Structure formats: C-alpha cells, structure tokens
2 protein chains.
Amino acid sequence: MAPLKSWLEIDSGSHFSLHNLPFGIISTTSTPKPHPAVAIGDQVLDLQIFTEGNGFAALSTIQPHQAVFSRPTLNDFAALGRPMHRVVREYLQTVLLEDGPFPGVLKENTSLRDNALIAQKECHMHLPMHITDYTDFYAGLHHAYNVGVLFRGPQNALQPNYKHLPVGYHGRASSVVVSGTPIRRPNGQILTDPAVKEPILSPCRKLDMELELGCFVCKPSAMGEPVSIKDAPEHLFGVVLMNDWSARDIQAWEYVPLGPFNSKNFGTTISPWVVLIDALEPFASTGLQNDIKPLAYLDERERKSHYTIDLSVELTTDSGNSSTICKTTATNLLFSFPQMLAHHTVGGCPFNVGDLMGSGTISGEGKSGKGCLLEQSENGKVSIRLSDGQERVFLQDGDEVTITGVCGGEEGAYVGFGKCSGKILPAMEIAT
Amino acid sequence: MAPLKSWLEIDSGSHFSLHNLPFGIISTTSTPKPHPAVAIGDQVLDLQIFTEGNGFAALSTIQPHQAVFSRPTLNDFAALGRPMHRVVREYLQTVLLEDGPFPGVLKENTSLRDNALIAQKECHMHLPMHITDYTDFYAGLHHAYNVGVLFRGPQNALQPNYKHLPVGYHGRASSVVVSGTPIRRPNGQILTDPAVKEPILSPCRKLDMELELGCFVCKPSAMGEPVSIKDAPEHLFGVVLMNDWSARDIQAWEYVPLGPFNSKNFGTTISPWVVLIDALEPFASTGLQNDIKPLAYLDERERKSHYTIDLSVELTTDSGNSSTICKTTATNLLFSFPQMLAHHTVGGCPFNVGDLMGSGTISGEGKSGKGCLLEQSENGKVSIRLSDGQERVFLQDGDEVTITGVCGGEEGAYVGFGKCSGKILPAMEIAT
Ligand SMILES: [Ca+2]
Ligand SMILES: [Ca+2]
Ligand SMILES: [Mg+2]
Ligand SMILES: [Mg+2]
Ligand code: NI
C-alpha cells in the first residue's frame, strides 16, 4: 500500500502520518481550556475549533455527539464506541487527504485552516483520559523470567501461575501523569542491610523505569458480568506508551504479602496521544508463543492481537547527552490486552470508560532489549555505560527517560506514539 | 454527659441519635435524583429539600456552598473541609435540638418538616461518595497473625515488615458498592489439588467476607507532597463499615508475586452512612500497642486516633435464620487511618477527595472475635455451627452477611453505622 498523501506538508519520518491520527487533549494560549485534538505531522487539528467551524458537516453520524469534542478528556468520545471512532478517524483522513471528497471542509476553507491547524509546539498536552481505575499486568515473559532469575534463580524464575493467567495488580489511578511531568524521587522505607530487617526512611536508592504499553477501555462492563475474549476487542479504545516508574528498594521491603504499593504509586507516565486500535490493525501480530494451552476463557486461537511496535528507551543525563539503553518490540508479551480484559473481568470486576491497563515491562531476549534497569544492571551489580562516559545502575536525579514507539517501515506511513518522557527531581527533604 | 434530646421522636436504641448525624446519599419517589441527607432516628433529613426550604438561613458560612447539597455524591461537601463539616453538623444538631435556638427553621416550620423529614424505609440509599481510588490496608494485627499462622506457622506468622509500616495494596475503586447490593460469587482460576499446579476455571469454593472499616479522604494532596502524621487528621472525612469480600482459592493461586487481584475486585460493600470524624471523637481511643518504635513519619505518640466501635457480623442463611458469627471492637488495629495516610503519601502518592482507605480485617484475640471465615474455619478445616443447625466453612449461595458497628453505651446517645450487608448470588454460568 502506498502511503496516503495529504495536502498538508508532513515530514516523511513523522510518527503522525495520515495513517495514524491519534487523539489527545491540548490547550493553547487562545483556547486555554483542555479539549480534544488529533496529531497530524508536526501540527494538530484542534477538534473543538474544527467542530465549531462546522468541520463535521459531511459526517452526519457524529453530529448528535459533537459535544464530545469540547470536553476536557477523551472519555466521552471513547464512550461512543469503536464503530464511531472508526468513522470519525476515517472521515478526518478523507478531510486531510490530498484529493479527498470534501475539500471545502478544511483544505479550501482558509479561515478554518488558520484556526484549527496548530503547531504541536504551541500546544500544551494534558492527560488524554480521566483514568477511572488503573491495573498493571506483568505479561512481558522475558522481563518476568529475567527478574525471576535475579531473585529466585533460573529453576524457579517463573511462578507456577505465570503462564496460566495474566498476572497483574491494581495500581493507583491518581498517580498516572502525562509525558513531560517531572517525577520526584520517592522517599520510603528501605533496608540498608537486607539481613537486618530494620528499615530507615530514605530517598529511594534504586529508582527504575519500566517500558510498557498502556491500553484504555472504551466500553463499560457491569459488576458480575465477564467480558468474553471474543467481545474484548470492542472494549479497547487505544494504546499509549507507559513508563511505570518503580522504586526497587521500597518494593523489596514492602511487597510481602500484598504486592507492590508505594514503590509504584509515586508516578506512572503515559504518552499524550492515544493511538486508536484501528490505526494499529495493519501492524497486528501474534505475541510470544505460550507453551501451555490457556483455559477457554483466555483462548484467542489465531487472532493477532499484539502489535509490531518498535520500542526504544533513551536516557538523557544532566550533561544533555542521550544514550539509547533499550530497543525491543511490543510483541514480546505472553498475553494480549483482550486476554488481560477477559481475565480481569472473569470474576465480575466492573469496568468503566477510562480504565487503563498496563502491559507489564516489555523486554526482548537479548541484553539490549531489557526494558528496565533492574534487569540491565542485574539489580545494581553491573554498570551500564552511557554515551557521555557516565555509568548507571539505577536512575540519578536529573536523568530524563524517554520511551518512543513506532509502527511501520515505510516513509510517510508511520504510525507512532511520539514520546513518553519524564525527568527525575531530587527527593523531598525528610522532616526530622 | 446527658444525651442530647431532640423534638423529634428518636428510639433510645437508635444508631442515629442526635450525637451522630451521619451523611449519606438518598433518592426517593418524589426526588429520584440521588442527593445528600443526614440520618436521624428512623428518619432522614433531606438536605436538598432542607436547603431549598431555606433551612440554612441561620448558618451564613455554608450559604455560598449550598449547591453541595444537591449533588449526587458527598464529594463536594467533603471537599469543603473538616471545619465546615463541623459547623454544618453542629448547626443541624441545634436545629433538631429540643430547645434549640432556631425553632423557626424546622421544628415550627411544618411544611418544611413534612417535606424534608422522610422515613428511612422510603429512601433508596446510594454509594455516598464517588470513589476516586481505593486502598485496602492490613492493619488488623490479630487477623494478620492468625492468617500467618495458617499459612506459615506461628514462628513466621508476621512478615518482617508488618510492624514497621501499614502493609496495604491498591484495590479496585469500581468494585465498591453500597450495602444491599447483591454480590455474585466470582468465577476464577483455582487449583483443585494444590500439589498439581494445573488450574481450572470454577466458581469460587472458598468465598469469604472481611470485617473492616473504611475511611474517606476529604482533602487532596499533590503528587510528590507527603501528608505529615500531624496534618493527616484534617484530611479525613468520615468512616463507614466495609466488607471486603474475598475469594480465598482464587487468591491462593493468583497472588504471587504481585498480590491479590481478582480475588478482591468482584465486590467490596460499604455502609451507606458516613459517620463524620467529629461524631467519632468522643469514642477516640488508642489502638493496639506496637512493640517496635515506628519511624518518625508514622509516630503518633499519644494521640487517640482509633475508635471504640463495637463491631459484629451476622450470617443469615436462606432459611432466614441469623447467627452472630463475630464480635469485636475497632481498636484491634496496629495502625490508625492517619498513619495509613502518612505512609501512603510518604513517597508522594497523590490523593483526591473521595479516596477510600480500608483498615484491613479487624479480628479480636479470641475465637469469637475472628473477622473472617478463613480464620474461623482455619481455612476450611473447622466447621462453624449456625443457630439453625447449618454449618459453614465458607459462604454458600443465598447467605447474607451483615456487619454492624456502634459506639457508646448510653441509651439515646449511640453513634452507630447502621448496617453493611450483602447477599451471595450464585456464580454466572461458565460459557464452554
Ligand atoms: Ca509494571
Ligand atoms: Ca481486606
Ligand atoms: Mg508507577
Ligand atoms: Mg473486595
Ligand atoms: Ni473518577
């Protein structure tokens, strides 16, 4: 398929080709209230202004619902359901297409073009969704194995349940922030000597990141009513990059027997643009092969519900120097988002529009594919050499971590996520 | 102190004496939209109607904020802060007081009395708060010890971290429901033989309840900014009874290494009336003595931040017969809600108005004080004999569990919570 060409100038390397059109929430100097937009090249199409300018004139199905484009989050748009996301995205593609059927809507409507097309650098990005509940899974098989080896050795690396169900834990919805938000190093209880079970309160000394995908839910499901594996895809809105910042020393002390808590709730960063499931479909793929047969409620058979997304992690030190510390792909998952949702609801857990599921850390098999520093440094034992000569085992204050993700190999047709980044601020001083 | 006397007739055994005035969300046939009320005796004072009838005429400080009394949750009222809760509650006490200073407001205003005072049995109760995030702690020392003995023996019953920090996990906010909501037995992965790690999908066979208190937060705290133990009480709105329904067999299989998940997210029941912290103050007490000295950020010194609440659990079988299966008091906690909040925020986790914290299962020392069936039946080994001759180790379909809680020993001056109950529905059929 040749790349779709727009009458707008779009850099051929852009993550936001006409094949993408991800949705986000922006504010600008002239429209300071947060509202929806789609990214296109290095610009955005402001959907509030577009709607006010009668941009949806040629799409009657959306007209009763146009108020969703003046809301401060995408939840109401998401709640319209996947068929509506599809027609809106496809309509916007035709509006932006070089020889589209509706040139009067935008291409030849210079006043609307002047108002509704805005440079991305002039937009302030907000959290795209009001996040109602947040769950983080652990479906990155290589990550789970590598971490298991570090703590329990290769024989018992994976827990007995690991391949039977997507292991996950409830996270803290309030702590999810948009890319660019600084992350303060947490204070917490840690052991200075693991043999002496006497904690101190200290700034985290093993601050880490985790390379993940996040997926938003767009269809509610009632308490007591499971979502079948067959229906699950219709419940998924879109995907973002996610960095599940993690305090390894706090986690090691707090996590028995109820799981990670303060080690995970001080901040989780997501990328601002939600790439719709439809935009990802051309890159659909199978994930990792599960060598046990899952129970029927998790059995996807041959469906391709993973995506070939090239992922990378860059670490920028306070010298300004950047090093790529990880490269992998998003197919390194043992369970897919539909499987996660089917499992999450099998006992009747209710879902709301705006719920977020994290994939778990995505690691490839080799050393360069390890999606967190815990794995890369073998829990602090092996230094990672950066391009400016500095070394790291965990994150230092002033470090900035940037995750990128992009699908496709064809110039002008990339479907990318942009950036998911956050910079570490020093810990708050501990009052004594 | 003699009981406060109202011009309203209030049964001397009522949980809702003039000393209490808990807040909740009701709807009625004539006002079907959920809105706030306070409970008084076997009636409620409908705060929306009271406000519309100029009931707050003599309390100027609330007047700019009166819209909070027509909202569908208590969040906006809670957000006004503890000083405002205090003046509103005290004002309503004087309005209802036998020889109060404002007889014209309600006592002698027969049309407002006719409209704003409604029998509780005519009110439909709703979830009192929009629950933004939900965390469940594990601060019931005897419970943690008893469960630890069952799984690890008396030597290692408590984990090394247990007395150093309030252990907790993030729960599922969407699954919190109001008393009276039926609870469907969850399906989930369980092992039929723990030695063979091959799960089946099955209705839970070890369905349990947990006797807890819940506490709502009324003051937001920003990401990165801890709430000190000194400031924490000003962040607490009020307390409810809570039943953290638990699927022990699902939990046993799923919980390594990230904690309970589907075993806890199919339903958590809370009582409908939020008893304000001010109403509990006369019953303030210390909790269990901690034999280790907590770190400074958790050190409450002598403050009494627990409450002497007599708690009981009743099990009603489908025969209609009720048996009291547990009696204990709420002082059986090692950590208080202010300590939980100080710990939860020490690493910077942000809080919103409407966040809920559960205490953890509250068990007394003796057999009759065990706050869940896992403890009472020693994980299914010992039968509990009910008053109708039936026996239980875990819950059966049709069983109804009712938690009650009340403070005070003086007739006419009780501060109670009413009931927190839920009845077990059979599991959904598993599609094959
Ligand atoms: Ca994670
Ligand atoms: Ca619990
Ligand atoms: Mg996190
Ligand atoms: Mg629960
Ligand atoms: Ni919410």
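Me: A polar contact is a pair of N or O atoms within 3.5 Å; within protein, one must be able to donate a hydrogen and the other to accept it, and residues adjacent in sequence count only if both atoms are side-chain atoms. How many residue pairs are in polar contact between chain A and chain B?

Reply: The count is 27 residue pairs, with both residues at pLDDT 80 or more. This is a predicted model, in which local features need pLDDT of at least 70, side-chain atom pairs count only at pLDDT 80 or more, and totals for chains, interfaces and linings use all residues; side-chain values use heavy atoms, hydrogens and water being left out. Residues are numbered from 1 along each chain as its sequence is written, while chains are lettered from A and ligands numbered from 1 in the order in which they are written.

Me: What makes up the contact between the two chains, and how much area do they bury?

Reply: Chain A and chain B contribute 63 residues each to the contact (heavy atoms within 4.5 Å). The chains bury about 5,600 Å² between them, 62% of it on carbon and sulfur atoms; buried area is the accessible area, taken with a 1.4 Å probe, that two parts lose on being put together, summed over both.

Me: Why is the pair A:Asp133 and B:Arg172 called a salt bridge?

Reply: A salt bridge requires a side-chain nitrogen of Lys or Arg within 4 Å of a carboxyl oxygen of Asp or Glu. The closest N and O atoms of A:Asp133 and B:Arg172 are 3.5 Å apart, so the pair meets the rule.

Me: What makes the salt bridge between A:Glu281 and A:Arg82 a link between separate parts of chain A?

Reply: The closest N and O atoms of these two residues are 3.8 Å apart. A:Glu281 lies in the loop between helix 7 (277-280) and strand 18 (284-285), and A:Arg82 in helix 3 (residues 82-96), so the bridge ties together parts that are 199 residues apart in sequence. Helices (H or I, at least four residues) and strands (E, at least two) are DSSP runs, numbered from the N terminus.

Me: Why is A:Arg82 called buried, and how is A:Glu281 classed?

Reply: Buried means under 20% relative accessible area, exposed over 50%, and partly exposed in between (1.4 Å probe, protein chains only). A:Arg82 has 5%, so it is buried, whereas A:Glu281 has 35% and is therefore partly exposed. In another salt bridge, the closest N and O atoms of A:Arg71 and A:Asp76 are 2.4 Å apart. A:Arg71, at 31%, is partly exposed, and A:Asp76 is partly exposed at 31%.

Me: Which residues coordinate the magnesium ion (ligand 4), and what makes their atoms donors?

Reply: The ion is coordinated by B:Asp244 (OD), B:Lys264 (O) and B:Thr268 (OG1), at 2.2 to 2.5 Å. B:Lys264 is buried at 7% relative accessibility, and B:Thr268 is buried at 0%. B:Lys264 also forms a salt bridge with B:Glu210, their closest N and O atoms being 3.1 Å apart.

Me: Which residues have the most contacts inside the largest nonpolar core?

Reply: A nonpolar core is a set of buried Ala, Val, Leu, Ile, Met, Phe, Trp, Tyr and Cys residues joined through side-chain atoms within 4.5 Å. The largest has 74 residues, and those with the most contacts inside it are B:Leu213, B:Leu280, B:Ile309, B:Met357 and B:Leu395. Apart from this core lies another, of 73 residues, including A:Phe266 and B:Leu258.

Key
Donors = N, O, S within 2.8 Å, 3.2 Å for Na, K, Ca; no water.
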